[in-house]
Amino acid sequence: KRQPNIIYILSDDLGHADVGFTGGRIKTPNLDKLAKEGVLLKQHYVQPICSPTRSALMSGRYPIHTGFQHSVIHPGEPWGLHLDETIIPQVLKEYNYSTHAVGKWH
């Protein structure tokens, strides 16, 4: 049996009515199709800035536990997630998934 594809889409500052599949007025046919054919996670908790949200998504831990509760990582800063932090790509690779990231971390 073939493993399912897993795609996480994380959008900063996206309002509930900013996509069609939630009843919004903005037409988003591609996102609507993904939502209809996939698993839609409707209960979530995000931070008002990007790095804390991304650290929580990647680690499965609240930002207070990853050191990201107050700020973002700016380009050139010499810090990030702790090297001993287990993140989603590591777990998925244990199940023979190929992992890729597209986008930004700040």
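Reader: What do the values rest on?
Author: This is a predicted model: local features need pLDDT of at least 70, side-chain atom pairs count only at pLDDT 80 or more, and totals for chains, interfaces and linings use all residues. Residues are numbered from 1 along each chain as its sequence is written, and side-chain values use heavy atoms, leaving out hydrogens and water.

Reader: Which residue forms a salt bridge with Arg61?
Author: Glu85, with the closest N and O atoms 2.9 Å apart. The pair links distant parts of the chain, 24 residues apart: Arg61 sits in the loop between α2 and α3, Glu85 in the loop between α3 and α4 (88-94). A salt bridge here is a side-chain nitrogen of Lys or Arg within 4 Å of a carboxyl oxygen of Asp or Glu. Helices are DSSP runs (H or I, at least four residues), numbered from the N terminus.

Reader: And Glu85, buried or exposed?
Author: Glu85 counts as buried, at 11% relative accessibility.

Reader: Switching to α2. Why is it largely enclosed?
Author: Seven of the ten residues of helix α2 (residues 50-59) are buried, so the rest of the structure largely encloses it. Among them are Cys50, Pro52 and Arg54.

Reader: What does Thr53 touch?
Author: Leu10, Val46 and Gln47, not counting residues up to four places away in sequence. Contact means heavy atoms within 4.5 Å. Thr53 is buried, with a relative accessible area of 8%.

Technical notes:
Buried < 20%, exposed > 50% of the residue type's maximum accessible area, 1.4 Å probe, protein only. Helix = DSSP H or I, 4+ residues; strand = E, 2+ residues; numbered from the N terminus.
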